[in-house]
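Please have the model open beside the text as you read.

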Amino acid sequence: MALRVAVVGGGPAGSSAAETLAKAGIETYLFERKLDNAKPCGGAIPLCMVEEFDLPLNIIDRQVRKMKMISPSNVEVSIGSTLKEGEYIGMCRREVLDGFMRDRAEKLGAKLINGTVHKLEIPGNNKDPYTLHYADHSDGSLEGTAKTLQVDLVVGADGANSRIAKAIDAGDYNYAIAFQERIRLPEDKMAYYQDLAEMYVGDDVSTDFYAWVFPKYDHVAVGTGTMHVNKADIKKLQAGIRARAAKRLEGGEIIKVEAHPIPEHPRPRRVVGRVALVGDAAGTVTKSSGEGIYFAAKSARMCAEAIVEFSNQGQRIPTEADLKVYIKRWDKMYGLTYKVLDILQSVFYRSDATREAFVEMCADMDVQKLTFDSYLYKTVVPANPLVQLKITAKTIGSLLRGNALAP
Ligand SMILES: Cc1cc2nc3c(=O)[nH]c(=O)nc-3n(C[C@H](O)[C@H](O)[C@H](O)COP(=O)(O)OP(=O)(O)OC[C@H]3O[C@@H](n4cnc5c(N)ncnc54)[C@H](O)[C@@H]3O)c2cc1C
């Protein structure tokens, strides 16, 4: 019997899963409720994503080679001189990136359905199909036409507010709320951000995260995030980043305001029965950096690869145990990365004193190289022991100087 798979959500995760499944010749349905969706996002992607996911250069609006870390007392540290020729952080518009990845999955054979999945009916045994209830928007209407589809396996790639996660009782995760304003700047102000991104830290812009100014196609994205989710507080923090970057944003016009949850941890259950969660639905964003695009696409690809492998190219229906192999592989590959970034967040975003220490440390070339290599290539590259020792000594030195370790 031939395997039928539904992938719910056509963001980077869903399209990546659908592409791998379709390439293997598996009957794949990719659901996306809004084909021109512009996911609220900074749109920064690492270099390895461009290579691994074969992304054409024309979907990258800007190649950022310079970063500025800005401390609570406005000490600015420039980062980027350790970058080699051809190395950069890619900045994209999500509607462009998502559209490209989704169209490619469709071209490779996935059946793209412009539909909103409302309900997942779960069978009472491990053989019968799952039934998806959805509104088909192909007639152009918002309410759509009610339809159903039966499949053997479901990949939940429907983001942080995942309905699929709710349907399988995957459990909750803590989340931060990120708030972002898109600001169109006068030409001379925009020129400053040509290939430069800024990260601001301080209690005034976020008590537990960072705030940013990222260059986009013809504007900048100015935003902040916090786990202490409260509407009034977020507005105060956003006012904080606007005040800090005021001179550089002078004459700017707000063209869009957006907010969205960012998961902080994986859900307690990422595979239940023949349903697997990937990307934000599973909780694959990293702490400290809040990075999620690459990890969404990668987790989905790894999940789809396990499906291809255990279904024998679509000839057999994988079991819950088969799908859980994807989780084991994922945790083995990235467990350490998540831990390190988790620790970094709790050490360095604790107070303004620790943040000053953090920015001071970023001036060190070895720290810059290690950070950039880890970000661009997604490997926790162990530095040689001498460099490691130097970095550790510098870290402690910076923390002590700022009296940041005082309780
Ligand atoms: C303000 C902000 C800034 C960020 N900046 C960055 C950054 O610079 N770099 C970075 O790497 N990460 C960033 N992130 C995180 C990043 O946006 C996410 O981790 C990433 O989008 C996750 O991809 P995904 O495919 O799992 O989910 P999503 O991108 O959320 O995609 C889910 C898709 O599913 C669709 N969908 C949802 N429900 C249904 C349904 N019921 N039926 C059909 N379709 C459905 C949605 O329309 C959407 O297209 C940021 C997040 C925020 C909020």
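## Contacts to the ligand

In this predicted model, the side chain of Asn37 places an N or O atom 3.2 Å from an oxygen atom of the ligand. Arg33 also reaches the ligand with its side chain, where an N or O atom is 3.1 Å from a ligand oxygen. Gly292 takes part through its backbone instead, with a polar atom 3.0 Å from an oxygen of the ligand. How much of the ligand does the protein bury? Taken alone, the ligand exposes 1,000 Å², and 96% of that is buried by the protein.

## The shell around the ligand

There are 35 residues around the ligand, and those that come nearest are Glu32, Lys39, Gly42, Arg94 and Asp280. Sorted by class, the shell holds 15 nonpolar, 13 polar and seven charged residues.

Which element gives the largest share of this shell? That is β9, with three residues. Strand β9 spans 115-121, and it is one of several elements that each supply at least two shell residues. The others are α1 (12-23), β17 (253-263), α8 (279-282) and α9 (293-310).

His265 sits in the loop between β17 and β18 (271-272), and its relative accessibility of 30% makes it partly exposed. His265 and Asp280 are 15 residues apart in sequence, with their C-alpha atoms 9.6 Å apart in space.

## Salt bridges

Side chains of opposite charge can pair when their charged atoms come close.

Lys23 and Glu19 form a salt bridge, with their closest N and O atoms 3.2 Å apart. The two are four residues apart in α1, so about one helical turn separates them.

A second pair spans a longer stretch of sequence. Asp195 bridges to Lys66, with 3.5 Å between the closest N and O atoms. Lys66 is partly exposed, with a relative accessible area of 43%.

Then there is a network to trace: salt bridges link Lys68, Glu76, Glu198 and Arg248. Within this group, Lys68 and Glu76 have their closest N and O atoms 3.5 Å apart. Lys68 is buried, at 16% relative accessible area, and Glu76 is partly exposed, at 36%.

## A buried glutamine

Gln180 is part of strand β13 (residues 175-184). With a relative accessibility of 3%, Gln180 falls under the 20% limit and counts as buried.

What does the side chain of Gln180 contact? One of its polar atoms lies 3.1 Å from the backbone oxygen of Cys41. The Gln180 side chain also makes a polar contact of 3.0 Å with the side chain of Trp212.

## A nonpolar patch on the surface

Now turn to the outside of the model. Leu336, Val340 and Leu344 form a nonpolar surface patch, and together they have about 240 Å² of accessible area. Leu336 is a residue of helix α10 (residues 320-348). A relative accessible area of 54% places Leu336 over the 50% limit, so this leucine counts as exposed.

Most residues other than glycine have a negative phi. Which way does Asp169 go? Although Asp169 is not a glycine, its phi is positive, at about 55°. Asp169 lies in the loop between α4 (163-167) and β13, and it is exposed, with 52% relative accessibility.

Asn312 is another non-glycine residue with a positive phi, again about 55°. You will find Asn312 in the loop between α9 and α10.

Notes:
Residues are numbered from 1 along each chain as its sequence is written. This is a predicted model: local features need pLDDT of at least 70, side-chain atom pairs count only at pLDDT 80 or more; totals for chains, interfaces and linings use all residues. Side-chain values use heavy atoms; hydrogens and water are left out. A residue is near a molecule or strand if one of its heavy atoms lies within 4 Å of it. A polar contact is a pair of N or O atoms within 3.5 Å; within protein, one must be able to donate a hydrogen and the other to accept it, and residues adjacent in sequence count only if both atoms are side-chain atoms. Accessible areas come from the Shrake-Rupley method with a 1.4 Å probe; for residues, only the protein chains shown count as cover. Ala, Val, Leu, Ile, Met, Phe, Trp, Tyr, Cys and Pro count as nonpolar, Asp, Glu, Lys and Arg as charged, and the others, Gly among them, as polar. Patches are made of residues with over 30% relative accessible area and no salt bridge: like charges are joined within 9 Å, nonpolar side chains (Val, Leu, Ile, Met, Phe, Trp, Tyr) within 5 Å. A salt bridge is a side-chain nitrogen of Lys or Arg within 4 Å of a carboxyl oxygen of Asp or Glu. Buried means under 20% relative accessible area, exposed over 50%, partly exposed in between (1.4 Å probe, protein chains only).
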